[in-house]
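Let's take a walk through a protein model together, starting with the overall layout and then zooming in on a few spots. Keep the picture handy as you read.

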Amino acid sequence: MNRFHKLDKMTFTRCAACKYFRRRCPPDCIFAPYFPNNDPQKFTCVHRFYGASNIGKMLEEMPVHLRADAVDSLYYEAKCRIQDHVYGCVGIISSLHQQIQIAQSQLAKAQAELSFLDANLAAAEPTSSHSEPLVQPNVVVDHGLDDPLNTWFY
């Protein structure tokens, strides 16, 4: 076995974090299970916003069974922050919240129209045998300004 083969083998065993810092990857590397060498962008992205030291501290303080989800969450947040430097994930959440409010408003309007049509149909057919309306009214939750979800978007 020549020295180049050993070098290649060593580079393939390093995690993305150790590869980024050009150091050997110790057997107990905190980053290795969560930042594999075949996805260096994941570590680079997370490192850019949180720093390797902070990531390492968070992982060490966290239960092992939660670490993979935490790294995925940090990666998602970092990618969102790259796309929207100011709002990041909050911008996406705010947009989805607005879409929900629009959909709820449209649903309430459609239910009111159906209710009106059902009432007119019942009035036009006084001998009708059905006593239930065609559409059961749904309760639409109005998230006013007192809603905690709304307060942190503004």
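If you read from the N terminus on, the pattern is simply α-α-α-α-α-α-α. Keep in mind that this is a predicted model. The chain has 154 residues, and 23% of them count as buried.

For helix H3 (residues 40–50) and helix H4 (residues 52–61), the axes come within 7 Å and cross at roughly 100°. An angle from 65 to 115 degrees counts as roughly perpendicular, so H3 is roughly perpendicular to H4. Which residues meet there? On the H3 side you'll find Phe43, Val46, His47 and Tyr50, and on the H4 side Ala52, Asn54 and Ile55. Sort the residues of this contact by type and you get five nonpolar, two polar and no charged.

Some of those names come back when we look inside. In soluble globular proteins, nonpolar side chains tend to be buried together. Here, the largest nonpolar core holds 19 residues, and the ones that touch the most other members are Cys15, Phe31, Phe35, Phe43, Val46, Ile55 and Leu59. Helix H2 (16–20), H3, H4 and helix H5 (64–83) are the elements that give two or more residues to this core. H5 supplies the largest share, with four residues.

Take a closer look at Phe31. Which residues does Phe31 touch, leaving aside its neighbours within four places in sequence? The list is Cys15, Ala17, Arg23, Phe43, Ala52, Ile55, Gly56 and Leu59.

Next, the cysteines. How many disulfides turn up in a search of the whole structure? The search finds zero. A disulfide needs two cysteine sulfur atoms within 2.5 Å. The closest cysteine sulfur to that of Cys29 belongs to Cys15, and because the two are 3.7 Å apart, they are too far from each other for a bond. Cys45 is in no disulfide either, as the nearest cysteine sulfur, in Cys80, is 9.3 Å away. Are Cys29 and Cys45 buried or exposed? Cys29 has a relative accessible area of 9%, so Cys29 is buried. Cys45 counts as buried too, because its relative accessibility is 7%.

Tyr20 sits in helix H2. Its relative accessibility is 40%, so Tyr20 counts as partly exposed. Leaving aside its neighbours within four places in sequence, Tyr20 is in contact with Phe43, Thr44 and His47. Tyr20 and Phe43 are 23 residues apart along the chain, and their C-alpha atoms are separated by 8.2 Å.

The other one is Arg24, found in the loop between H2 and H3. Arg24 counts as exposed because its relative accessibility is 67%. Arg24 and Arg14 are ten residues apart in sequence, while in space 6.6 Å separates their C-alpha atoms.

Key
Residues numbered from 1 in each chain as written. Predicted model: local features only at pLDDT ≥ 70, side-chain atom pairs only at ≥ 80, totals over all residues. Heavy atoms only, no water. Axes fitted to C-alpha atoms, helices over the stretch in contact; angles between N-to-C directions. Parallel < 35°, antiparallel > 145°, perpendicular 65-115°, else oblique. Contact = heavy atoms within 4.5 Å. Nonpolar A, V, L, I, M, F, W, Y, C, P; charged D, E, K, R; others polar. Core = buried A, V, L, I, M, F, W, Y, C linked by side-chain atoms within 4.5 Å. Buried < 20%, exposed > 50% of the residue type's maximum accessible area, 1.4 Å probe, protein only.
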